[in-house]
Amino acid sequence: MRLGMTAGYSGAAMGVNLPLILEAEKLGFDSVWTAEAYGSDAITPLAWIGAGTKKIKLGTAIMQMPARTPAMAAMTAMTLDALSGGRFIIGLGPSGPQVVEGWHGVPYGKPLTRTREYIQIIRKILAREGPLEFKGEEYQIPYTGPGASGLGKPLKSILHARKDIPIFTASINPKGIETSAEVADGVIPVWMNPERMDLLEPHISKGLAKTPGKKREDFAIAPFVTCVLADDLERARMPVKGMLALYVGGMGARGKNFYNDYAKRLGYEAEAVKIQDLYLAGKKAEAMAMVPDKLVDEIALVGPAARIKDRLSAWKGSGVTDLLVGGAQPEVIRLLAETVL
């Protein structure tokens, strides 16, 4: 099992904790991942990190597909991969309707169709086997629809790139996981319980079966795992409870919250309903208090060092290939490096 770390996206003030990333690289961490929502983007800080590091892989978790064309994503990937000496990992995701339509101002559309077509186009660009042409439901290249000039011309990338730049997709629902296994090299299931691989493996198998010759051992599972080292277990759980209250309660509309649905599949149906009711009513502290300790303990690594080491045994034997660690404590990355690597 490889170790990665999440750099996330910035709050009101832009910042990159490069010293911590350099420490992780020195300790043998395999990758570092940036994110984007509706503030800082995923690529600019990753380029900054790439310039300051030498060997750690550089991943996006995730680039929002509706925010950029597949060709732009491919151009970005080829550029950063070349400048970093072949260290880039393309991490893609559909985002959600509230951000896609409310921030980017484009239709949410069909996320699974977009994912499949998006990756097909990127792979065509990387392969450079001919000028780019694609006719799909979400994308038509060259474009010939309403408003077209009629002058569009199939083009081939000027830049020669690594043809096998890895592509991961973020997904937590069954069809999304299946699509990831079909067309991508790995899945980022946000957070997960390593003892509930039944929520992933059947859908991974279905997806792999759609691509002849694709092997299970070549497909990665890379969840985010928040790690908080503290003697006070309840205090260590609090940041995770805050994150879960936000995602399960407020990351989406009442009838369209993928994380709320995911919490229900993890076995917390009644709690997910209550957390959402409280959060949407503006009672964020009460929503946070409603998050079960058991759920926190299942998806995160929290508490004293001995407790974290003990819980790591479940992750090591689960089939998870990459543990993407969230948490800005230097002592955390040292503990994990000593225990896992």
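A salt bridge here is a side-chain nitrogen of Lys or Arg within 4 Å of a carboxyl oxygen of Asp or Glu. Keep that handy for the last stop.

Before you click around: this is a predicted model, where local features need pLDDT of at least 70 and side-chain atom pairs count only at pLDDT 80 or more, while totals for chains, interfaces and linings use all residues. Residues are numbered from 1 along each chain as its sequence is written, and side-chain values use heavy atoms, leaving out hydrogens and water.

**Stop one: Met14.** Select Met14, in the loop between β1 (2–8) and α1 (18–27); helices (H or I, at least four residues) and strands (E, at least two) are DSSP runs, numbered from the N terminus. Buried or exposed? Met14 is exposed, at 53% relative accessible area (exposed is over 50%, buried under 20%, partly exposed in between, with a 1.4 Å probe and protein chains only).

**Stop two: Trp48.** Hop over to helix α2 (residues 43–52), where you'll find Trp48. Trp48 is exposed too, with a relative accessible area of 58%.

**Stop three: Arg128.** Head for the loop between α5 (111–127) and β6 (134–135) and pick out Arg128. Arg128 is buried yet has no salt bridge, and the nearest side chain of opposite charge, Glu129, is 10 Å away (Lys and Arg count as positive, Asp and Glu as negative; His and the chain ends aren't counted).
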